[in-house]
Amino acid sequence: MITRLLVANRGEIARRVFRTCRSLGLSTVAVFSDADAGAPHVREADLAVRLPGSHPAETYLAVDRIIEACRACGADAVHPGYGFLSENAAFAQAVLDAGLTWVGPPPAAIEAMGSKIAAKRLMEEAGVPVLPSLDLAAPGEFPLLVKASAGGGGRGMRIVRHAGELAAEVESARREAAAAFGDGDVFAEPLLEAARHVEVQVLADAHGTVWALGERECSVQRRHQKVVEECPSPGISERTRELLCAAAVRAARRIGYVGVGTVEFLVKGDRVAFLEMNTRLQVEHPVTELVFGVDLVRLQLEVAEGAALPPEPPGPRGHAIEARLYAEDAGYVPQTGVLRRFEVPGDVRVDSGVESGSEVSPHYDAMLAKIVAYGATRAEAARKLATSLRRARLHGVTTNRDLLLEIVTSPAFLAGETNTAFLSPGGPLSPPSPLSPRAGDGGLPALAAALAMAAANRRDARVLAGLPAGWRNVRSQPARARFAEADVVYDPLPPGVGVVSARPEEVVLERDGLRQTFQVARYDGDDHVYVDSPMGAAVLTPVPRLPEPVEHVAPGSLLAPMPGSVLRVEVAEGDTVVQGQPVLVLEAMKMEHRIAAPAGGVVSDVRVEKGQQVEAGAVLAIIQEEGP
């Protein structure tokens, strides 16, 4: 029997596992890097052990230190979460060799699926349909997909449409795979475009029972990483569903699987092709839990203790949709900073690794939370999710909330017309709407911000505080507030608009008989004004009347979009470049980010070198544009 469980992970998944442990009366142990010392998962555990290390991103990969942490705290079991060491057979074996309970599949099963190349051969032998592997030197067909053999999550994955791109993309995929998984092996398959990405949740015990707990649709992706997932899939037939579940059970039986896992497929029409098997709990497991009425972490723990599953799994009921909330901008570039406020209301499940005040660092994945809605129907679940996203108060760090809202309210999504090209050029949401701050809603959020700021000025006034905001003995001009996004006159008010109340934190406006409440927030050290209402959110940047001197950068400067490490510099001073040509490559959060020339010209200065750490906004290079 397990009595004290150490979770060899961080953030959202650690908190998720702790939640089930508390319901079972199990003692919990967190591990943490120096960067995570103040993280919520550390405080929520009964005990916490620091993992020493010079690089926060690699701290959670130190097998020997995690085993030492188990001994130090008296843990008798280890849950790997997902990512990091969750699919590392050597780690699983080390846990077992230390006399601890491993909450995961047997090391041999992890090993069998650890190499996607070998896994494809095994699946083909088991009668599971697979895509053919292509020769990287002479593939013979395009487009194709280069994939990392040792991992997933979009890392080490590249689409190649022309032979001239192949060598560079393969090399880039190898570097990224080696950085993320410690293994640079890659392989290639035909690219099955505009297919559905569908996965089957499996659960097996040590007594021969294997469940298939339905399928999840994960087609809405950016950079080959999932953004929105749902259960069940809205676009496959019952026949295809049965085929997928049967293939997943065969796959699990073929490798002697025990525990929770996921078998992933591409589906296009009647064609089904095996992608990979993830030998761990998936990020998107909550949608299965809600539809099937199970706690997958509890089942993991019970199976690890030797319990037998009932002969048949429970049946599905209703529909669930999950949206991954990322700290990223419109170009999917990860963002960092202080999350000033994190509040997600509504009838939804929120699995998060953050809270108000959390620091979003460049060391780890950019996902902040998973917001999951359940309903009797798909339409109900989508409506609940959209309402929650719209009303969420997310301040301090740019997120993909607007993109998620656009996805789950789009006609194509509501019709179930999703595939892996949904966010790609030419797809239903191509290009995605900008996620940059905007006034929105006919200027009312900006007006509310102006009135709240005026009210705050009167509240904080040291003299004549009782006078109305903006009062003048002899008025010479309207009272106005200037934002980077809008220029607002708030006295006199626009025609048809009235102020019901105006306080620094809340403004109630009435326009043409319709009353609306706006919540307004500002924070020390933050130049923005955050305005939230049931209709949505806006972020505004006040323009000061007397701006402070600022440091200007030279025209043509390429700035670092995020903190990171310079992986490669591809130009030298004096080189001529064309628009879109890669200038250098940054590595952040184990992903490569190419910095391209915004226009043609001559490289006049290169400010960085390979291996250099840079902060967001640092000048990387300067390109003098060519004349007309």
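I took buried to mean under 20% relative accessible area. By that cut-off Phe265 is buried, because its relative accessible area is 0%. Phe274 also counts as buried, at 0% relative accessibility. I note here that the model is a predicted one.

**Entry: sheet**

I looked up the strand order of the open sheet and found S3-S2-S1-S4-S5, five strands with parallel pairing. I then asked which strands lie at the edges. They are S3 (47-50) and S5 (101-102), and each of them pairs on one side only.

I checked the pairing of S2, residues 27-32, with S3, and it is parallel over four bridges. Within it, I found Ala30 opposite Ala48 of S3. For background, strands of a sheet pair through backbone hydrogen bonds.

Next I looked at helix H1, residues 11-24. H1 lies across S1 (4-7), S2 and S4 (77-79), and runs at about 170° to S1.

**Entry: helix H8**

I traced H8 over residues 163-181, which makes 19 residues. Its first and last C-alpha atoms are 27 Å apart, close to the 27 Å expected at 1.5 Å a residue.

Which residues of H8 are buried? I listed Leu166, Glu169, Val170, Ser172, Ala173, Glu176 and Ala177. Residues three or four places apart on an α-helix point the same way, because there are 3.6 residues a turn. I looked for what covers the buried residues of H8, and found among the covering elements strands S6 (144-148), S7 (158-160), S8 (186-190) and S32 (591-596).

After H8 comes Gly182, and I noted its positive phi, near 75°.

**Entry: aromatic rings**

I counted five aromatic pairs, taking ring centres within 6.5 Å as the cut-off. In one of them, Tyr60 and Tyr364 have ring centres 5.9 Å apart and planes at 70°, so I recorded the pair as edge-to-face. I placed Tyr60 in the loop between H3 (56-59) and H4 (63-73), and Tyr364 in the loop between S18 (359-360) and S19 (367-375); the pair therefore ties together parts 304 residues apart in sequence.

Are these two tyrosines buried or exposed? Tyr60 is buried at a relative accessible area of 0%, and Tyr364 counts as buried at 5%.

I went back to Phe265 and Phe274, which form an edge-to-face aromatic pair with 6.4 Å between centres and 80° between planes.

I also found Tyr60, Phe84 and Tyr364 in one aromatic cluster.

**Entry: charges over rings**

I found Arg10 over the face of Tyr364, 3.9 Å from the ring centre. I found the charged end of Arg378 over the ring of Phe413, at 4.5 Å from its centre.

Conventions
Residues are numbered from 1 along each chain as its sequence is written. This is a predicted model: local features need pLDDT of at least 70, side-chain atom pairs count only at pLDDT 80 or more; totals for chains, interfaces and linings use all residues. Side-chain values use heavy atoms; hydrogens and water are left out. Two strands pair if DSSP finds at least two bridges between them. Helices (H or I, at least four residues) and strands (E, at least two) are DSSP runs, numbered from the N terminus. Contact means heavy atoms within 4.5 Å. Axes are lines fitted to C-alpha atoms, for helices over the stretch in contact, and angles run from 0 to 180 degrees between N-to-C directions. The expected span of a helix is 1.5 Å times one less than its number of residues. Buried means under 20% relative accessible area, exposed over 50%, partly exposed in between (1.4 Å probe, protein chains only). Rings of Phe, Tyr and Trp (its six-membered ring) pair if their centres lie within 6.5 Å; planes under 30 degrees apart count as stacked, over 60 as edge-to-face and the rest as tilted. A charge sits over a ring if NZ of Lys or CZ of Arg is within 6 Å of the ring centre and within 35 degrees of the ring normal.
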